[in-house]
Each structure stands twice: as C-alpha cells, then as structure tokens.
Amino acid sequence: MYIVILAGGSGTRFWPLSRKKTPKQLMSVFGGKSMLQRTLERVLPLKPKRVLIVTNAMQAEETTRQLEYVKGVPVDIIAEPVARNTAPAIGLAASIIAYHDPDGVMAVLPADHYISDEDGFCRVITQGKNAAINGYLVTLGITPTRPETGYGYIEADNGFRQHGPFPVKRFVEKPNREKALEFLTAGNFFWNSGMFIWKACTILDGISRYMPPLAVSLSKLVFSESIWELRDLKPQIEAIYGEIGGESIDFGVMEKADNVQVIPADFGWSDVGSWSAIPEVADADDLGHVAINAKEVISVDAGDCLVYGDNRLVTLVGVKDLIVVNTPDALLVCPKERAQDVKKVVEELARRGLTEYL
C-alpha cells in the first residue's frame with residue numbers, strides 16, 4: 001500500500017518548545033527521534049510502495065532533513081503553500097497516487113500521534129487494507145477508556161458481532177461529559193483517531209460526489225510523464241490552493257458517505273494533544289513527576305508535575321500538577337488543567353507583534 005502522512009501543524013499547543021517552523025511532529029517530545037520520524041518508522045514493517053508526506057512550505061526543509069536517513073522506501077515531500085485542512089491535503093495525495101495506481105490503497109496517518117503497540121497497529125492497518133480493497137472508506141476508531149470530552153466519536157453499527165470492520169452510523173462532535181459517559185457505557189462508540197484507509201480512486205470518488213469544487217480544482221493537475229517526478233507540480237499546487245477553501249475530510253466526505261466502515265483499535269494510542277497528555281505516555285517518578293530533558297529534578301513537598309528542562313537543573317517546591325517548560329528564549333508555567341489554553345499565549349504573542357517567539 002501507499003502511506004500518506006499528514007504533517008502540517010502550527011506549533012501552538014506545545015509552545016514554547018514548538019514553533020511555526022518546528023511544530024509538534026518535528027519535535028523530540030520524548031527525547032530521541034521526532035514524532036514524524038517515529039510515525040514513518042512505524043509503517044516500514046508494512047513494506048509500503050511509497051510514502052508521501054504532506055506538509056507546508058515553511059516546514060518542508062526541516063521535514064526533508066529529518067527523513068534523509070530513511071532507506072528502502074521512496075519518500076516524497078509535498079509542500080502546501082498554505083494550510084487548507086485535511087480534505088485538500090488528502091485529495092492532493094490521492095490524485096498523485098491515482099495517476100500512477102488508481103486502485104492503490106492508501107493509509108492516511110497524522111504525523112504527531114503516539115502509539116505504544118506498533119505490531120498491533122500494523123495488524124489493524126492490514127485489516128483495514130482488506131476492507132479498502134472492497135471499496136470502503138475505512139476509519140480507525142480507538143476503543144475509549146474514559147468519558148473523554150476532547151475527542152470526536154464514531155458510532156458503529158456492530159449488531160451482535162465482536163470483530164470489525166463495522167458500518168458507521170454517524171460521527172459525533174466532541175460531547176459534554178454526560179454524553180461522553182453515555183457513549184462509554186453504550187459500547188459501540190469509538191474515539192475518532194483521524195486515521196483512514198481507502199483506495200485512491202474511492203476517496204476521489206467521494207470528493208467528487210460531496211466536494212465538487214475541490215474535485216474540479218484537483219482535476220486541473222497535469223502530471224509529468226516521468227514516473228513520480230513531482231517537482232513540476234509546485235506551481236500547479238500553488239495555483240490550486242489559491243482558489244480552494246479549507247475543509248476537513250471528516251466533514252467534507254466521511255460524514256456524508258454511505259460506504260464508511262470503522263475498525264476498532266486498541267494499540268496504546270494518544271494524539272498527544274497538549275502538554276497535559278505527556279504523563280499519559282511517559283513514565284513518572286515516585287512523586288508523579290514526568291521530567292523530559294532535565295539534568296536533574298529536585299522536589300520538595302511537590303508532586304505530579306511535568307517538566308521540560310532544556311538540560312538544566314529544575315527545582316520544585318510546594319507545587320502540584322504544574323507544567324514547567326524551559327527553552328532558551330521562553331518559559332511556560334501553567335496548571336495541567338489549563339494546558340489547552342497555551343494556544344491563547346500564542347494568540348497574544350501574535351497580537352503584540354512578538355513574532356520572534358512564534
């Protein structure tokens with residue numbers, strides 16, 4: 001199959017470590033390799049024909065640099081001139097694949113997710129490939145473990161069957177806690193992971209049917225006769241992106257289509273959506289502290305803090321449930337429960353014209 005990795009991102013949720021040129025997927029959040037590198041390496045056991053990375057022009061150079069070491073599978077970097085959400089990015093990748101291989105199965109994966117059971121992940125992707133070959137638009141639904149209000153949900157029509165894929169009854173936007181508890185109890189609701197599997201021609205048919213303006217724009221692409229020579233597409237992509245609007249593939253196609261299936265997945269997934277999610281996927285010490293890139297942490301009557309230390313000594317006195325992120329030019333301190341509001345800092349920096357911190 002083909003792998004399409006969506007590697008956009010604005011660098012807001014993990015500020016000050018993440019910036020516009022180095023958003024979450026290009027960061028080494030856990031130390032070692034970046035999330036993009038981990039995402040690509042995770043799919044190599046699937047022996048893909050090709051990997052397409054869709055990123056934006058500002059991040060294309062660093063994306064290319066980070067993936068230079070990859071051998072054995074061709075990797076193409078496709079740069080969007082401006083962000084237009086997931087539908088145009090997926091449509092662009094599908095158009096390129098379909099020109100060479102219309103029935104080629106493509107797995108679409110975000111570049112910035114954490115998965116602990118990589119073997120289990122590959123098994124689910126293979127299961128999804130089999131459904132995609134039969135003409136389905138397949139999405140992966142994460143088995144929920146708590147009444148999470150920060151994710152969208154997928155309701156499956158699972159009848160009395162234990163194993164998927166299942167037809168999708170509906171997609172549900174982020175619920176309140178009461179609804180999330182109902183979904184958890186019902187047993188046929190899954191978190192929307194944003195991971196998809198389908199044939200290139202199938203998703204293009206869906207775009208043509210439910211998003212005709214986007215389909216018309218994508219139809220203007222003229223490909224080189226040279227196999228997989230994508231440099232000639234740059235001016236064409238710029239022209240197309242100047243005339244299309246932004247839309248998610250969920251809203252544009254998946255919520256409207258009648259050939260959607262969901263495969264339940266349980267492979268230790270997190271979208272690592274903010275600093276407060278790090279303790280879910282990283283080991284804590286005896287006091288509940290999670291320390292990343294800190295030379296040493298000294299804790300006096302403190303507990304359950306997340307620290308990014310920039311290779312410095314960090315001391316915590318009498319505090320609990322704090323996020324402390326130290327970088328060479330900026331320091332963030334906030335309660336874990338306010339981690340989603342870090343983006344407000346980025347908005348305020350932009351309002352004040354402090355672009356050097358963005």
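**Strands, a helix and a pocket**

Mentor: Happy to. Strands β14 (residues 306-308) and β16 (residues 322-326) run parallel and are joined by three bridges. Keep in mind that this is a predicted model.

Trainee: Which residue in β16 is the bridge partner of L306?

Mentor: That is I323.

Trainee: And what is the strand order in the open sheet of four strands?

Mentor: The order is β12-β14-β16-β17, and the pairing is mixed. At the edges sit β12 (290-292) and β17 (331-335), each of which pairs on one side only. On average, neighbouring strands of this sheet are turned by 5° against each other, ignoring direction.

Trainee: Remind me, how do strands of a sheet pair in general?

Mentor: Through backbone hydrogen bonds, in either a parallel or an antiparallel way.

Trainee: Which residues of α1 are the buried ones?

Mentor: M35, L36, Q37, T39, L40, R42 and V43.

Trainee: How far is V43 from M58?

Mentor: They are 15 residues apart in sequence, and their C-alpha atoms are 25 Å apart in space. M58 belongs to helix α2 (residues 57-66).

Trainee: Okay, D101 next. Where is it found?

Mentor: D101 is in the loop between α3 (86-100) and β4 (105-110). With a relative accessible area of 17%, D101 is buried, since the cut-off for that is under 20%.

Trainee: What does D101 touch?

Mentor: Again leaving out residues up to four places away in sequence, D101 touches Y2, K49 and A200. With Y2 there is a polar contact between the two side chains, at 2.9 Å.

Trainee: Last topic: how much space lies in the second largest pocket?

Mentor: About 400 Å³. Its lining has 17 residues, and those nearest the centre are I77, I78, A79, L230 and K234.

Trainee: Which element gives the most to that lining?

Mentor: β3 does, with six residues. Both β3 (75-80) and α8 (233-241) supply at least two residues each.

How values were computed: Residues numbered from 1 in each chain as written. Predicted model: local features only at pLDDT ≥ 70, side-chain atom pairs only at ≥ 80, totals over all residues. Heavy atoms only, no water. Buried < 20%, exposed > 50% of the residue type's maximum accessible area, 1.4 Å probe, protein only. Polar contact = N/O pair within 3.5 Å; in protein donor to acceptor, adjacent residues only side chain to side chain. Contact = heavy atoms within 4.5 Å. Pairing = 2+ DSSP bridges. Axes fitted to C-alpha atoms, helices over the stretch in contact; angles between N-to-C directions. 1 Å grid on protein atoms, 1.4 Å probe; cavity = no way out; pocket = protein on both sides within 12 Å on 5 of 7 lines; lining within 4 Å. Points joined across faces, edges and corners; volume = space filled by probe spheres on them.
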